[in-house]
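Have the structure open and follow along.

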Amino acid sequence: MAEDDGFAEFAVAAWPRLVRTAQLLTGDFHEAEDLVQTTLAKVYGRWRRVPRGEIDLYARRALINNNLSRIRRKRVVHLLTPVLPESLRHTSAGHAEAVEDRTSLLAALADLTPRQRAVMVLRYWEDLTEPEIASVLHCSIGTVKTHARRGLAALRAHPRLAAAPVPLLTAPSGARR
């Protein structure tokens, strides 16, 4: 533990949350794991310089920045399978509907701009406040609000989500529209 100064414990504890966030950003579980691994490698390189109170913020910011860099490079194009092969589907109707809803939501998220998608994921899955998102994305709170408003409008208008409303598409209680 003296060598890594607590990094291993942080990485183990943060891995599930970072992978979930990365999967929502990338739309692919395996790509999400690669993104988190790359992010944690970069965080480890700066581990001793990052203030301990800002580790989570720093890791989120690194994850978002690495994802934006990944999108800019566009080196690899993946064909995402929108539906699991028949042999892997469960027979339960509730599970099938949940998979279809999740697939529709991931497809709609994939159609957003990278910044809108980042705001949607950080706001509605990571449950960060607007000032926290602005800090992660290095932008103003007004920019976060604009991306959130435009992102929600695009999701509401998306053809795959228009038929069946998803809980994400309703504003949180107390939120302004």
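Helix axes here are lines fitted to C-alpha atoms over the stretch in contact, and angles run from 0 to 180 degrees between N-to-C directions. Helices themselves are DSSP runs (H or I, at least four residues), numbered from the N terminus. What you're looking at is a predicted model, in which local features need pLDDT of at least 70 and side-chain atom pairs count only at pLDDT 80 or more, while totals for chains, interfaces and linings use all residues. Residues are numbered from 1 along each chain as its sequence is written, and side-chain values use heavy atoms, with hydrogens and water left out.

Start with α1, residues 7-26.

Next, α1 against α2 (residues 29-46): their axes come within 8 Å and cross at roughly 140°. That makes the two helices oblique, a label for angles that are not under 35 degrees (roughly parallel), over 145 (roughly antiparallel) or 65 to 115 (roughly perpendicular). The crossing is right-handed, that is, the near helix is turned clockwise from the far one by less than a right angle. Contact means heavy atoms within 4.5 Å; among the residues making it are F7, F10 and W15 of α1 and F29, L35 and Y44 of α2. By class, the contact of α1 with α2 has 14 nonpolar residues, three polar and two charged.

α1 also packs on α5, at about 145° with the axes 9 Å apart, and this crossing is right-handed as well. On the α1 side you'll find T21, Q23, L24, L25 and T26, which meet R117, A118 and V121 of α5. Four of these residues are nonpolar, three polar and one charged.

Finally, follow α5 (residues 114-124) to α6 (residues 130-137), where the axes come within 10 Å and cross at roughly 135°. These helices are therefore oblique to each other, in a right-handed crossing. R115, A118, V119, L122 and R123 of α5 touch I133, V136 and L137 of α6.

Conventions
Expected span 1.5 Å × (residues − 1). Nonpolar A, V, L, I, M, F, W, Y, C, P; charged D, E, K, R; others polar.
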